[in-house]
Amino acid sequence: MDDLRIENVEKHYGQSPGDAGFSLKPVNLTIRNGEFFSLLGPSGCGKTTLLKLVAGLLEEDAGDIWLGDSRITHVPAESRRFAMVFQQALLFPHMTVEDNAAFGLKMQKVEKDERLAHVREMLGHVGLEGFGRRFPHELSGGQQQRVALARALVLNPRVLLMDEPFSALDPALREEMRELLRTIQRQFRVTVLFVTHDREEAFHLSDRIGVMSEGELLQVGSVEELRERPVSTKVASFLGIKNSIEGTITGDYFHSLDQSIQLPAGDTHHTGVRFLILRAETLRLVPDATIAPAGFAMIRGTVVQLRFNHGFFTAHVQVGDQLLDVSLDSQQADTAKVGKEINLMVDRKSMQFVEY
């Protein structure tokens, strides 16, 4: 299996006196053959730097990159048989769609009839059948990115590298291109390394995600693994989980700093200062007389705001000094009026305690 392995790879910029610069801290990561893997993080966190190191467009300061049993650390970019799609389509304006898509095959000296046959087939896969004689200025932004995708895929790359390829498109086109990309990736089983700062995009497309911040790979996992077990408040926040409550664990109980939240911590094997992470969807609105069954705990607070969001409501619930996000359906939202005190029940298995 030609897994892509990144072993202790690091890169440093601006190490002159007085210039703190930027450092990509040692990265260890395996991207499985045929996997759709996304690097997710804010601008400037190092994800594009890592992508360029994999592509061979930058030289690492330490570490190695492997594809299967082949060490490709110092292999030139053009010899790695990787393909890259950038934020802009970067099409040649004087060439037709067919000629743009066939450019890489032409550089590989593939015969004209053969390369055009491959290109026309690939244009059909990306929804551009019959567009071959058009020029880039006759295409929409989304269509231009389809040509760029066809140009990359027609090379049968060992790894497809994508650097925020849909960020310049409007929301409807972005969604359309995501669906197309995921369909094609599954069809061709190409390994994809995808860079994005959009968590919804990463959630929708990825088999696994690597969350990055300030030059460090913080956590790797599936969407479910990351959301259910974030390793830090920073990861939780970037994944859209807002309920991070600082407190202490003593005697198997968690106490928030203001003592307004006191919950059984279970067998965490940790004591001292900790943050409790609660996903909004794990907090269930229950009637006032409800007694928590075994394995569950109760929190009481006051609704201060209700907000409609993606088919559900988010309630902001004040509990002491904490403002918690709670997901509600429309029926629950009808009973959770602003200013009303409510009871929330949470499964203790869904509570996550982290150090920072």
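How many bridges pair strand 9 with strand 10, and in which sense do the two run? I opened my notebook with that one, keeping in mind that this is a predicted model.

**Entry: strands 9 and 10.** I found five bridges between strand 9 (residues 208–213) and strand 10 (residues 216–221), and the pairing is antiparallel.

Entry: Next I traced an open sheet whose strand order reads 13-12-11-14-20, with antiparallel pairing. Strand 13 (262–264) and strand 20 (352–354) are at the edges with a single partner strand each, so one side of each has no neighbour in the sheet.

Ile249 faces Phe254 of strand 12 across the pairing.

**Entry: strand 1 and its partners.** Which strands does strand 1 (residues 4–13) pair with? I found strand 4 (residues 62–67), joined to strand 1 by five bridges in an antiparallel run. Glu10 has Ala62 as its bridge partner in strand 4. I also found strand 2 (residues 22–31), which pairs with strand 1 over seven bridges, again antiparallel. There I jotted down Tyr13, whose bridge partner in strand 2 is Phe22.

A reminder to myself for browsing: in a regular strand, side chains alternate between the two faces of the sheet.

Technical notes: Residues are numbered from 1 along each chain as its sequence is written. This is a predicted model: local features need pLDDT of at least 70, side-chain atom pairs count only at pLDDT 80 or more; totals for chains, interfaces and linings use all residues. Side-chain values use heavy atoms; hydrogens and water are left out. Two strands pair if DSSP finds at least two bridges between them. Helices (H or I, at least four residues) and strands (E, at least two) are DSSP runs, numbered from the N terminus.
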